[in-house]
Amino acid sequence: RRAWGERLPPLGRLLAAALAHRLPAQAVADEIRAQLDAFEDAWGDAPDHVDGHQHVHVLPGVREPLVAELLRRHPRGRVWVRDCVEPPLRCLQRREAVGKAWFISTLARGLHRQLREAGLPCNEGFSGLHDFSVERPFAPKMRRFLAAAGPRPLVHVHPGRVDAALRACDPLTTPREAELAYLASAEYLTDLAAAGLHPARFAAFDARGAGTTAPPS
């Protein structure tokens, strides 16, 4: 079914093909449609928001059919899209994975522009990128993410419980447990309050404006 075989290509291969403008356009469009169909069949409704694993939704050759499919499928404003663009100075102020943040933000500028041209809603502020080191606690990292978050921020986190199934398919394990423990703690709520933020659904952004943060992504 897929132009690249039964499995989607690894990130390095996908990135190289996208930057060379060699992604199979119809196959990408079909994959986006199939994934949205599968979600809506399972949940009986549209997703609150859309993003791509490892941010692949920002890549050229992926972002264009994604925007087109969302415009075809849903009224404008119904589904949010994760915008990974951040001002360089804000990335620098966080002092967390600065090079990674700049690289992803640069890749995301095309989608950033397309979302605004299409009138599709998105977050304004993106943070949460780090090196996944377990040598430093997660709480101070999150406080930096929240302190320079933007007016309608989305904080990108990776909480989870590690089991054999996860270990078999994903090298990111122990840091997920650390993030989950923090996000389930009273310390997280205290840090949110100190930053003047509170969790909110994407649909609440327009009603509440600044001072909110999206659910973990």
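Student: Which helices and strands each supply at least two residues of the lining of the largest cavity?
Tutor: α4 (88–94), α5 (98–107) and β3 (126–127) do. This is a predicted model, where local features need pLDDT of at least 70, side-chain atom pairs count only at pLDDT 80 or more, and totals for chains, interfaces and linings use all residues. Residues are numbered from 1 along each chain as its sequence is written, and side-chain values use heavy atoms, leaving out hydrogens and water.

Student: What counts as a helix or strand here?
Tutor: Both are DSSP runs, numbered from the N terminus: helices are H or I with at least four residues, strands are E with at least two.

Student: And what is a cavity?
Tutor: On a 1 Å grid over the protein atoms alone, a cavity is a set of points where a 1.4 Å probe fits but cannot get out. Lining residues have an atom within 4 Å of a point.

Student: How many cavities of 30 Å³ or more turn up?
Tutor: Two, from a search of the whole structure. Volume is the space filled by probe spheres set on the points, with grid points joined across faces, edges and corners.

Student: Which residues line the largest cavity?
Tutor: Among them are Cys84, Glu86, Cys91, Arg94, Phe126 and Phe145. The lining divides into six nonpolar, three polar and three charged residues. Ala, Val, Leu, Ile, Met, Phe, Trp, Tyr, Cys and Pro count as nonpolar, Asp, Glu, Lys and Arg as charged, and the others, Gly among them, as polar.

Student: New topic. At what angle do α2 and α3 pack?
Tutor: About 45 degrees, with axes 9 Å apart; α2 covers residues 25–43 and α3 covers 63–73. Axes are lines fitted to C-alpha atoms, for helices over the stretch in contact, and angles run from 0 to 180 degrees between N-to-C directions.

Student: Oblique or roughly parallel?
Tutor: That angle makes α2 oblique to α3. Under 35 degrees is roughly parallel, over 145 roughly antiparallel, 65 to 115 roughly perpendicular, and the rest oblique.

Student: Which residues make the contact?
Tutor: Val28, Ile32 and Leu36 of α2 are among them, as are Pro65, Leu66 and Leu70 of α3. Contact means heavy atoms within 4.5 Å. The contact residues divide into seven nonpolar, no polar and six charged.

Student: What about α7 and α10?
Tutor: α7 (residues 138–147) and α10 (residues 186–194) pack at about 25 degrees, axes 10 Å apart. That makes α7 roughly parallel to α10. Their contact includes Met142 and Leu146 of α7 and Tyr188 and Leu192 of α10. It has five nonpolar, no polar and three charged residues.

Student: How do α3 and α6 pack?
Tutor: At about 20 degrees, with axes 10 Å apart; α6 is residues 109–118. They are therefore roughly parallel to each other.

Student: Which residues meet there?
Tutor: Arg63, Glu64, Val67 and Leu71 in α3 meet Gly110, Leu111, Gln114, Leu115 and Ala118 in α6. These divide into five nonpolar, two polar and two charged.

Conventions: 1 Å grid on protein atoms, 1.4 Å probe; cavity = no way out; pocket = protein on both sides within 12 Å on 5 of 7 lines; lining within 4 Å.
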